[in-house]
Structure formats: structure tokens, C-alpha cells
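Please open the structure in a viewer and keep the selection tool at hand. The stops below are meant to be followed in order.

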Amino acid sequence: MVVSPSQPGANPRYWPSARYFTEAIQCPSVCFAHPVLRTTLPAVDRLGMPLVTSGQFAYVYKLKSMNGSGDFAVRCFRGYLGDRDQRYRAIQEHLKNAPVSYLSHFTYAPEGILVGGHRFPILFMNWIEGPTLDLYINEMLHRPDVLRHLCEEWLRLISALRASGVAHGDLQHGNIIVEHGQLRLVDHDGIFVTRMAGWTASEVGHQHYQHPRRDARHFDTNLDSFSSIVIYLSLLALAERPDLWQEHHDENLLFTKSDFIDPESSSLFAKIRELGPEHRRLADVLASSATGQPTDVPCLLDLVTTKSTLPPWMTAPVDLDATTKTREVISTELPADRRSVRWVRWQERNRETPLPATPSSSMLTSIFNAGTTPPVPAVRDPNDVWRNTIFFSKEFLRKYFLLWYWAAFLLLNFLGIHFFLGIFVTLACLTIGCFTYGFVRAFDESLTARAAGVTGRGQQPSIAAPPQRSSGSWNPHVTLPVPSFSRSGSEPFVGNLVLGIYHAEDCNWVDHISTKNRVNFSSASEAISHGFKPCQVCSPA
């Protein structure tokens, strides 16, 4: 049974692997709970898969924001740690009150990602663009001035951590990013803050940077003393002798765990002692500290006597950026206008941006321009009951044939009538019903027309020819104004397209005209010129 890791005290036997995290992150709007991450897209490699970096405790993904708010690094943890939630809450609260510029601001979400129907915790922060310390050093081996600048930056970083009462817990090349010449720390899993006094460490750090006797019980503000000396001395030695990089670099900078276990037989310690008095003094301090207790290691800031008092922008070299390789595929830049795309129904789209039509011709009407001129409205004689009966019967049959057919057939079948006999009876009933409906509609229309004063059974109301114009060709089509849905003083006459009658706007029969059959006129002469007759009830003038 899978237990949700968000439950207090839960220790699930199931935890997603990198494959399942990668599948979930391909759809950020679904898997993430935080609204900021929902509007992102994962950075991908050449195969189109999300770019992932695997660490000791987490998988790190790069997400690119679609609204221009920057990129994010999302850490998906590789396993369950019982007190992770309490640790991150303590770290977040401490850094909120005593921020460290070298540590990125992060957000811990206990139920941040949905994988396999269950919520799992994540940690995300702003993406730091730059190479790790080892890649940066490899590019700058020929620049001793840049390496000495890194030494000064490292002293400022250690001073900022000490002033804030924070210890990183895992200072090593993979957790140090060089962003435009400034050092930044990532991986907040092993951080110590003053609120954690008396706790045990969740990790003991990289073996080539930590004291050989360090264990989980060593967890206080002096946690970074040993590793800070290792990194500082490595940078200082490489600035004087770059060939040490080719001789001793692997999954480290220079030192390895074997050098710390037996410093006297280490060839690296002997080479560094030969570089100068400052190198010899720091190498002796590191060697004696490695053979002693982790709690007896002195602080790096107390060992370095000459520190630069100038701000880093005054001492930094001009060109600090290094060219690094990445597996990320850089997509095409988004347009400047990044407004969200709104889904528009096809009716609205055609209304806002109508399709282009072929220009109409006054000499020839074809299938391409026939729709550009309003057609002549079909006018029926309301007194012709027989023809109107057929018209309304066809209309009723076209709209409701299937509904009435199946309703009648199922009813007859339920009564036990034979199949073919049921079809015959159904069609007969449907025919009678259609003609009955058509006759009732036609007879009602005839009564309405008689009440309105329309006479002449079987006669179509004539449509007068449009008045002659002084210039221009005569258009045989009757152009009606656009129907108006409100009565105003400028158009006091309302016409009925079906009956061919126009009324005064205060006539009671105006309320019986449907919207699609209504048309407004500004004067009685205009209505008469379009072939409409005056109402015999209101007698519009």
C-alpha cells in the first residue's frame, strides 16, 4: 500500500524514481501545486526530455518561466527523510531573519509535486546561471589573478555565514556556483542554524572535503571549518602552481580523503609546503587538524591575516565569465508580447476577423459573390391557408421527425404491435400530426392577418420598385436596413418581413413580431418604397 508522504509520521515504502519525476515534470501545469511553477516549461536536452542533474539526495530540474519572471531550479528528493520538513522550516525561518547573500532564497513545498497520484515534497529557488567551482577553475587555470580573486570571495562567503550563525555542512565543488565571478552556494540539505542546536546531521558531506572523523553527531556552527580551509588552500595553491590540477584533480579539487588520513605520507602536502611560507603554514594547520578532533579545527578567518578591505567590484578582474558546456537546448526566444492566448469561439473569430470575400460584380453574380448582397426576403400570403399548411408541415417534419418517429415507434412496439405494422402506423400518425400542426399554424396566421387588415386571398403583396436615382446603376436587389432591437424616436415605424406590413411603434401588433422578422423604418414613405403596406389597426402615417 502506498502511503502519502505528506501525512505526519508516514514512512512510505514507495518513492518515485527519476523516471517518474521526469514524466510528471513534462506537464508542470498539472504536477505542481505552487502557482509560480504552473506557468513554467522544463528545459530539455537534444532528445526533448527534461534536463535533470542527479545528486546524492535529490534530482534537480531546470524550469523556464513563460511570463518572464526568470528560471527556477526544482529539487525532487530521492528518498524519504522523517525530519526534512522540520529542518527546512527552521532553515527558512532563520534565513528570513538573518539572510545570507551567498545562499539563494528557497521555498519548501511539502506537497509540491504530484507523481503517481500522490503528493511529494520539493524545494525550488531561482536558477543560478554559472558553472560549478571545478569547471570554472578548469577554464581559469591560466589566470592566477582570477584564482586569487576567488580566494578573496571565499573569505567573504565564510565571513557572511559566520556572521549569520549558519553552517552549510557540505562545502564542495559541486555545491559552489560561480555566477559572474561571485560565489553562490546551493544544496541546503545539510545546513545548520542556531535553532537546530542539539540535532544530529542529516548528512556528513563529501569525503574529500570533510574531516575524516566527522559523524552525524558533529553538527554545530563550526561545521564548515575544515572544508573551508581545504578549498581556500586548494585555490591558493593552484594560483601559484596550475600543474597540480592535472596531477591531483578528479572528484575533488586537490585533496582526497587519503591525504587527510595520513598527511605525513601525502605527496600533495609536500608539494604545497614548497610553494611558500603562507602555503606551508596553512598546510601544517590542515594536517594537524585532520589528525585531531573535528571540534578542534580553527576557523579560516582566524588563520588568514591579510584580507582585502576593498569591495569585490574594485578587486575583481574585468573578465570573470567562463564558457561552459551544457546539454540544454536553447529554444527560440518568445515574442515580446507574451499575453496569454484566449480561446475564441469560431463565431466570435469570424465576427472579429471575417474571412475575405471576393468583390461583388454588378454585371455577374456567381457562387463567389452571391452572398455579398442581401437576398430578397421571401414574402408569403398569410391568407393562403393551404400553401402555408404545407410550408409549416415541412418545417415541423424537418425539425422533429426523428424525435416523433422514435417516440411513436417505441410506444407501438411496447403495445405489442407487429414490426412492419408499427412502422406503417407510425408514419401515418406522423403524417396526420404534421398536417394538423401546419393547418393550425396557417389558420392562426390567417386570422392574425385579417385582424391586421390584410385582404386579397391568394395574392402576394407587391414589392414596389426602388425609386430612380440620378446617378449609378439600378440594383435589382431590395436592400433592407439592419434590424434594430430597440425602438427609438428616429425610426418610429416597425415592419414585419413575413406579412409585409409596417406598424407604428406603439401598435399592439409590434409586440407579436419576432426579432428575426422585424425591421425599422424612419418614415412611412421608406416602408412603402420597400413594398410594405400600412397596418389597418394603427393606420401609420
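This is a predicted model: local features need pLDDT of at least 70, side-chain atom pairs count only at pLDDT 80 or more; totals for chains, interfaces and linings use all residues.

Residues are numbered from 1 along each chain as its sequence is written, and side-chain values use heavy atoms, with hydrogens and water left out.

**The core**

Begin by selecting Ile 113, Trp 154 and Phe 255, the residues with the most contacts inside the largest nonpolar core, which has 94 residues. A nonpolar core is a set of buried Ala, Val, Leu, Ile, Met, Phe, Trp, Tyr and Cys residues joined through side-chain atoms within 4.5 Å. Buried means under 20% relative accessible area, exposed means over 50%, and partly exposed lies in between (1.4 Å probe, protein chains only). Next, select helix H7 (residues 225-240), which gives the most to this core, with eleven residues. Helices (H or I, at least four residues) and strands (E, at least two) are DSSP runs, numbered from the N terminus.

Return to Ile 113 and display its surroundings. Not counting residues up to four places away in sequence, Ile 113 touches several residues, among them Phe 21, Phe 32, Cys 76 and Phe 120; contact here means heavy atoms within 4.5 Å.

**Salt bridges**

A search of the whole structure finds 18 salt bridges, each being a side-chain nitrogen of Lys or Arg within 4 Å of a carboxyl oxygen of Asp or Glu.

Select Arg 87 and Asp 83, which form a salt bridge whose closest N and O atoms are 2.8 Å apart. Arg 87 is buried, with a relative accessible area of 7%, whereas Asp 83 is partly exposed at 31%.

Then select Asp 85 and Arg 89, both in helix H4 (residues 84-97), where they lie four residues apart, about one turn of the helix. Their side chains meet in a salt bridge of 2.8 Å, N to O. Asp 85 is partly exposed at 22% relative accessible area, and Arg 89 is partly exposed at 47%.

Move on to Asp 243 and Arg 241, whose side chains are joined by a salt bridge of 3.1 Å, N to O.

**Strand E8**

Is Arg 184 buried or exposed? Select Arg 184 in strand E8 (residues 182-185); this residue is buried, with a relative accessible area of 16%. The side chain of Arg 184 makes a polar contact of 2.8 Å with that of Glu 179, and another of 3.3 Å with the side chain of Ser 104. A polar contact is a pair of N or O atoms within 3.5 Å; within protein, one must be able to donate a hydrogen and the other to accept it, and residues adjacent in sequence count only if both atoms are side-chain atoms.

**Helix H16**

Select Leu 447, which lies in helix H16 (residues 419-452) and is partly exposed at 42% relative accessibility.

**A loop**

Finally, select Val 510, in the loop between strand E10 (501-504) and strand E11 (518-521). Val 510 counts as buried because its relative accessibility is 0%.
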